[in-house]
Amino acid sequence: MQTAPAPLLSSAMTLTRALPVLLALALPSHAQELPRIGVAAPSSGPNAVLGRQVTEGTEAAMRGRATTVEADTQCTAEGGRAAAERFAAEKVSVVVGFICTESLETALPILRAAGIAAIDIGVRADRFTAQRRRTGDLIWRLAPRSDAEATALAAFVLARWRDGPFGILDDGSIYGRGLADAVRSKIEAAELRPAVIDTFRPAEEKQFGIARRLLRSGVTRFVVAGERTDAAIIARDAAASGVNLEMLGGESFLDEPSETAQLPVGTHAVAPQTRFPSIAGPGRADATERQGYFGPAFVAATIAQVTVAEADASKRPLSVILDEHPFSTPLGDVRFDEHGDSNLDLFRTFRFDGQDFGEEEPNG
């Protein structure tokens, strides 16, 4: 599993193709039944705090325009199955949510049989959309693809480090090595090559070995595919040897800091946007609850509303609406490809100021 404020919504999200704006904004008359939209999120267990982000995001988007049916996925296989069965029994049109792989995996066959579309906001495993044509699963995904972190790291290097040598370090783990290889592949595809490629042993109290190798290389800029604490120790020991490193890391750099060593001021990290202080509109000054999955849930719920409204008006299947129409959203324009993956880029760049990581402006 799995952060500049989003622009304030002046209206609900609208389809950008000839779809009347009022379609998404108009409240149904008393004679009409509100659309029924399912919300799949863990409301119990250790992931309940993430589940609240999902439900608060969907509630903020609904604003009385739809009836929500909430189901606790528990982030388990059984929870996902039970949630899908409830959605089928309640005859919802579309479900938003799903932040855990286990829940999504068991829910999809049941939702498919009931003809219920799912807009996923948290599961990054590519197999669900890659196999959609074969399985027939009705899934569309706002969650980043599994390679989104590597793409964001490579984009940073290509945009900011072309003017000098840089290197790539990894901690030798399956995750670290895989991330490092993916970043290198994307960078080299753009005809830029790292001057140094090296591996360090993780969870060491001292990292003078790798620090000395970096000193001999003369390179000071490094993408680090590893944990925050390890990167901080490498930077500390390199500084003790007279080398001040400029580091770039992935999502793990935003983990809790260690008391052992601190990352250098100016360290950068790429990770999905975590705060959405403006997306819910006026009257919600406290942004503490608008974090994590709040933004993607808000976007997914509004896409769901507009899709249901357009399907009812045009008598076309929801799947066709989701496949063919672009959506204008407060987090950017969204379009789903032939697999059901969206083009929404949730990754942002963060800079460490000595105390915390703060999100940079897009051109920061």
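These legends go with several close-up views of a predicted model.

**View 1. A seven-stranded open sheet.** The strands line up in the order E8-E7-E9-E10-E11-E14-E15, and their pairing is mixed. At the edges sit E8 (196-199) and E15 (357-359); each has a single partner strand, so one side of each has no neighbour in the sheet. Going from one strand to the next, the twist averages 25°. As a bit of background, strands in a sheet pair through backbone hydrogen bonds, and they can do so parallel or antiparallel.

**View 2. Where E10 meets E11.** Here we zoom in on one pairing from that sheet. Strand E10 covers residues 246-249 and strand E11 covers residues 268-272; the two run parallel and are joined by two bridges. Look for Gly-249, which stands opposite Ala-269 in E11.

**View 3. Two helices lying across the sheet strands.** Helix H9 (residues 208-217) lies across E7 (167-170), E8 and E9 (221-225), and runs at about 170° to E8. Helix H10 takes in residues 228-240 and lies across E9, E10, E14 (347-352) and E15. What angle does H10 make with E10? H10 runs at about 170° to E10.

View 4. The side chains of Asp-198 and Arg-213 meet here, with an N to O distance of 2.7 Å. Asp-198 belongs to strand E8 and Arg-213 to helix H9, so to speak two distant parts of the chain, 15 residues apart, linked by this pair. Asp-198 is buried, at 18% relative accessible area, while Arg-213 is partly exposed at 32%.

View 5. Glu-359 and Arg-348 bring their side chains together at 3.9 Å, N to O. Since Glu-359 lies in strand E15 and Arg-348 in strand E14, the pair ties together parts that are eleven residues apart in sequence. Are these two residues buried or partly exposed? Glu-359 is partly exposed, with a relative accessible area of 24%, and Arg-348 counts as partly exposed too, at 22%.

**View 6. A salt-bridge network.** Some salt bridges share partners, and in this view they join Asp-126, Arg-141, Arg-145, Asp-147, Lys-186 and Asp-341 into one network. For the model as a whole, the count of salt bridges comes to 22.

**View 7. Arg-112 reaching Asp-137.** This salt bridge has an N to O distance of 2.4 Å. Arg-112 is in helix H4 (residues 101-114), and Asp-137 is in the loop between helix H6 (132-135) and strand E6 (139-141); the pair links parts of the chain 25 residues apart. Arg-112 is partly exposed, with 34% relative accessible area. Asp-137, at 10%, counts as buried.

View 8. Leu-111 is found in helix H4. How buried is Leu-111? Its relative accessible area is 1%, so Leu-111 falls in the buried class, which takes anything under 20%. Setting aside neighbours within four places in sequence, Leu-111 is in contact with Ala-84, Phe-87, Val-95, Phe-98, Ile-116 and Ala-118. Arg-81 is 30 residues away along the chain, and the C-alpha atoms of Leu-111 and Arg-81 are separated by 9.4 Å.

How values were computed
Residues are numbered from 1 along each chain as its sequence is written. This is a predicted model: local features need pLDDT of at least 70, side-chain atom pairs count only at pLDDT 80 or more; totals for chains, interfaces and linings use all residues. Side-chain values use heavy atoms; hydrogens and water are left out. Two strands pair if DSSP finds at least two bridges between them. Helices (H or I, at least four residues) and strands (E, at least two) are DSSP runs, numbered from the N terminus. Axes are lines fitted to C-alpha atoms, for helices over the stretch in contact, and angles run from 0 to 180 degrees between N-to-C directions. Contact means heavy atoms within 4.5 Å. A salt bridge is a side-chain nitrogen of Lys or Arg within 4 Å of a carboxyl oxygen of Asp or Glu. Buried means under 20% relative accessible area, exposed over 50%, partly exposed in between (1.4 Å probe, protein chains only).
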